[in-house]
Each structure stands twice: as structure tokens, then as C-alpha cells.
Amino acid sequence: MVSTTLNANLVSRFRDLFTTRDFIFHDGRDLKRFSVAGRTQAILAGVAAITVTFSAYGVSQAAFGAIMATGVAGTAATPEARMEKMRAEMTRLEADVAAIKEAAKVQAARVEQRQKIIAGVLSGKGSPADVGMPIENVSVDANSAMAREVLAPLRQVEARQAQLAAKAHRTAQIRLHLTQQQLRKMGIQPERFVSGGMGGPYEAAPEGAAAAGGEASADAQFRSLFQTWQKLDVLEQSVIAIPSLQPVENMRLTSSFGVRSDPFHGTAAMHAGIDIPGPIGTPIYATADGVTGRTGRFGGYGNLITINHGKGIETRYGHLSKILVAPNTRVRRGQLIGLMGSTGRSTGSHLHYEVRVDGKALNPMPFMQNTSVIEQVQQSAARLQLTAVGGN
């Protein structure tokens with residue numbers, strides 16, 4: 001009667017230990033849902049606990065009978081002693097269940113986090129900072145039948161995630177490579193934003209390689225994927241601050257970047273920007289996020305606004321008729337900052353626009369021809385990814 005009551009209480013406590021876990025997977029095409037019910041976990045753990053308890057009790061009784069038959073023990077154990085032994089066994093079993101529950105909790109959190117990493121890389125949304133460093137494996141007695149039964153569904157999910165991680169890593173490398181190419185076309189070295197080299201030809205790991213290599217191999221795989229995602233995120237966020245928007249709505253040039261005939265002296269002179277004509281009062285917009293520097297009269301520029309975009313990148317807007325921003329003010333891409341004019345060394349109403357990197361003037365046109373760098377990169381990566389998947 002006492003043992004029956006203890007077993008009934010243990011089953012009830014097992015049910016309270018486990019909660020339902022839902023997992024949603026994105027394999028690059030479809031969303032799939034996987035659920036491990038708390039009741040299922042409790043039943044599996046309860047059955048395993050009862051089986052282990054009665055198996056241990058049967059073995060102990062058989063061993064006790066054998067000892068008594070050989071005459072080694074002089075007297076039989078008292079019922080109280082046997083009950084105390086049972087209680088000790090139940091206490092040990094409860095400790096094992098608690099350890100397995102904690103391991104299952106950590107493993108479930110790891111599965112959820114890994115799925116966020118995979119989804120973030122494949123979709124191009126989210127940030128590594130919001131996900132955090134990958135959770136490492138927590139050791140648990142793998143030889144325990146209870147542990148195997150409770151953790152088996154989660155380990156099956158992790159095996160599928162390892163396959164998706166290889167696909168996500170390839171997508172991240174493609175996007176990283178394309179973003180670097182776009183920056184170089186604009187005359188900016190990617191190393192300005194992300195230090196450390198990475199690359200080499202892509203070669204997919206054999207099917208099930210992560211599972212065969214054990215959980216340590218899977219941990220290393222997701223650490224590598226996360227680090228690649230971090231670099232990609234830094235690079236793409238830096239691209240947003242690159243001046244690529246047109247400073248006026250209607251773009252046409254009266255003078256391009258480079259050597260030209262000076263409009264005042266007629267001799268060859270270096271023109272550090274481009275001249276965009278328009279009526280006085282034409283709206284002028286910031287071409288990227290940044291912080292204003294000089295906002296006032298400055299030599300031949302006339303009324304000038306400079307914007308610091310970080311990483312040594314600066315834009316200049318000259319000959320303005322009116323300045324609409326104050327110095328040391330954060331401005332956003334596309335924000336109205338001034339009105340076109342003909343102040344300073346100018347022959348008529350126009351905007352003199354410059355892009356400088358580390359103080360050196362670069363041709364602004366390649367920047368404006370890449371107004372949606374990240375969107376172009378993501379579209380190209382998606383096309384290449386579909387081609388790769390279709391060819392497998």
C-alpha cells in the first residue's frame with residue numbers, strides 16, 4: 001500500500017515537471033511545426049521511473065534471497081529497513097529526474113535559439129545581438145533509459161537543424177561575398193567595416209556529418225554560423241550608412257567628377273564633386289544617416305553642410321540658399337537638410353555634392369547607382385540559393 005501511494009505521488013509530480021514545447025522550423029521554403037507535449041514527456045518519464053524502481057526492487061529481493069540461502073546473513077532485514085532503502089532509492093530517482101528535466105529545459109532553449117539563428121540568416125531579418133551567443137551542450141547521463149526517452153524528440157529536431165545550418169551558412173557566405181563586391185564597386189574596402197578574412201570555395205558537409213560528429217561538432221557548426229552572421233550583420237548595417245541616395249529628386253549634371261575646365265579661369269582644374277542644377281529653393285536631402293558637422297558659410301562652397309556617416313565617410317552639400325539643420329545633429333537618410341542656391345564660388349543655382357572617404361574625394365556617381373545595395377544583395381543571394389538547391 002505504501003509503495004503504491006509513493007508511485008502514485010511520483011507520477012503526479014512527474015506531470016508537473018514537464019511543459020509542452022512547440023518548435024517552428026523554416027527550411028528556406030516552408031514553415032513546419034513540431035510539438036512535444038508535456039503530458040507525453042511526463043508519461044514517458046513516469047513509466048521509466050516506475051520500471052526502474054520495480055526492476056531495482058526485484059533485483060534487490062533476489063540478491064537478498066541468495067544471501068539468505070548461503071547463510072551469510074544471520075537474520076532477515078526488517079520491514080522498516082527495507083522501506084528506508086526504498087525511500088533512498090526514490091530520492092535518488094527524483095534527483096535523476098530533476099537533472100533530466102533541467103537538461104531538457106536547456107536543450108529545448110538551445111533548439112529554439114538555433115532556429116532563430118537559422119531563420120535570421122535565411123530571411124535576412126533580425127540581429128545576432130537579439131539572439132545571443134549559441135548555447136552549449138549540457139551533459140546528462142546518456143545511458144539512462146529515462147534520459148533517452150525524454151530527450152529523443154529534441155535530439156531528432158537538432159539533427160534536422162544541423163542540416164539546415166549548412167544551408168544557412170552557405171546563404172550567409174553568398175550574401176557576405178555579394179555585399180563585399182558592392183562596396184568595392186563604390187571604391188570602399190569591406191575591411192573598413194569588418195576585420196578578419198574569410199572565404200574559400202563552398203563545399204557542403206556530408207549528410208548527417210554533424211550528427212555523426214556528436215553534439216560537440218554541432219556546437220562548433222552553430223558557433224561558426226553565428227560568427228558569420230555577426231560579420232554579415234555589421235557589414236549590412238554599415239552599408240545603410242553609406243551615402244547612396246540622390247541628394248535631389250531630379251538628377252542631371254552640369255559638371256561631373258574629375259578634371260574639368262574651371263568655369264572662372266578656363267584652365268584645367270580638379271572638380272572634387274558633381275554639380276546638380278535646379279531652381280533656387282530646390283529641396284536637398286541627406287544621402288545617408290549621419291551627424292552634421294559644419295553648417296554655415298565656408299569659402300568657395302558658400303553655405304555648406306557636411307555630414308559625417310562614420311568609418312571616415314563624409315558628404316558635402318555646397319552653394320545652398322538656406323540651411324535647415326544645426327551642427328552636431330543626427331540626420332536620417334532622405335531627411336530635408338537645406339535648399340539649393342548659388343552662394344560662394346558659383347555661376348548659377350546648383351548643388352555642389354561631394355563624397356569623401358578619409359578626406360579623399362571619390363566620384364559620387366557609383367554610390368548613387370547602388371541606392372538599394374542590401375536589397376540587391378538579398379535578391380542575388382536568393383537567386384543563387386534557389387539555383388544551388390535546385391541543382392542538388
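Is Tyr-353 buried or exposed? Tyr-353 is buried, at 1% relative accessibility; buried means under 20% relative accessible area, exposed over 50%, and partly exposed in between, with a 1.4 Å probe and protein chains only.

## Basis of the report

This is a predicted model, in which local features need pLDDT of at least 70 and side-chain atom pairs count only at pLDDT 80 or more, while totals for chains, interfaces and linings use all residues. Residues are numbered from 1 along each chain as its sequence is written, and side-chain values use heavy atoms, with hydrogens and water left out.

## Helix α3

Helices (H or I, at least four residues) and strands (E, at least two) are DSSP runs, numbered from the N terminus. Helix α3 covers residues 79–123, a run of 45 residues. The expected span of a helix is 1.5 Å times one less than its number of residues. After α3 comes Gly-124, with a positive phi near 75°.

## Aromatic pairs

Rings of Phe, Tyr and Trp (its six-membered ring) pair if their centres lie within 6.5 Å; planes under 30 degrees apart count as stacked, over 60 as edge-to-face and the rest as tilted. The whole structure holds 3 aromatic pairs. One of them is Phe-226 with Trp-229: the ring centres are 6.3 Å apart and the planes stand at 85°, so the pair is edge-to-face. Both residues belong to helix α7 (residues 214–240), where being 3 residues apart separates them by about one helical turn. Phe-226 is buried at 2% relative accessibility, and Trp-229 is buried at 3%.

Another pair is Tyr-317 with Tyr-353, with centres 5.4 Å apart and planes at 45°, so this pair is tilted. Tyr-317 is in strand β9 and Tyr-353 in strand β13, so the pair ties together parts that are 36 residues apart in sequence. Tyr-317 is buried, with a relative accessible area of 0%.

A ring also takes part in a contact with a charge. A charge sits over a ring if NZ of Lys or CZ of Arg is within 6 Å of the ring centre and within 35 degrees of the ring normal. Arg-294 lies over the face of Phe-298 in this way, at 3.9 Å from the ring centre.

## Strands β5 and β13

Two strands pair if DSSP finds at least two bridges between them. Strands β5 and β13 pair in the antiparallel sense over 4 bridges, and Ile-274 stands opposite Tyr-353 in β13. In a regular strand the side chains alternate between the two faces of the sheet. Strand β5 (residues 274–277) is covered on both faces: Ile-274 and Ile-276 on one side, and Asp-275 and Pro-277 on the other, are all buried.

Leu-351 is also in strand β13 and is buried at 0% relative accessibility. Contact means heavy atoms within 4.5 Å. Leaving aside neighbours within four places in sequence, the contacts of Leu-351 include Pro-247, Ile-276, Ile-284, Tyr-317 and Met-340.

## A three-stranded sheet

An open sheet is formed by 3 strands in the order β6-β12-β10, with antiparallel pairing. β6 and β10 stand at the edges, each with a single partner strand, so one side of each is left without a neighbour in the sheet.

Strand β6 (residues 283–285) pairs with strand β12 (residues 336–339) over 3 bridges, and strand β10 (residues 322–323) pairs with β12 over 2 bridges. Gly-338 in β12 is the bridge partner of Ile-284 and also of Ile-323. Lys-322 stands opposite Leu-339 in β12.

Arg-316 is in strand β9 (residues 313–320). A polar contact is a pair of N or O atoms within 3.5 Å; within protein, one must be able to donate a hydrogen and the other to accept it, and residues adjacent in sequence count only if both atoms are side-chain atoms. Such a contact, of 2.8 Å, joins the side chains of Arg-316 and Tyr-301. Beyond its neighbours within four places in sequence, Arg-316 is in contact with residues including Leu-304, His-352, Tyr-353 and Glu-354.

Most residues other than glycine have a negative phi. Lys-311 has a positive phi of about 55°; Lys-311 is in the loop between β8 (303–310) and β9 and is partly exposed, at 46% relative accessible area. Asp-358 also has a positive phi, near 55°. Asp-358 lies in the loop between β13 (350–357) and β14 (360–362) and is exposed, at 56% relative accessibility.
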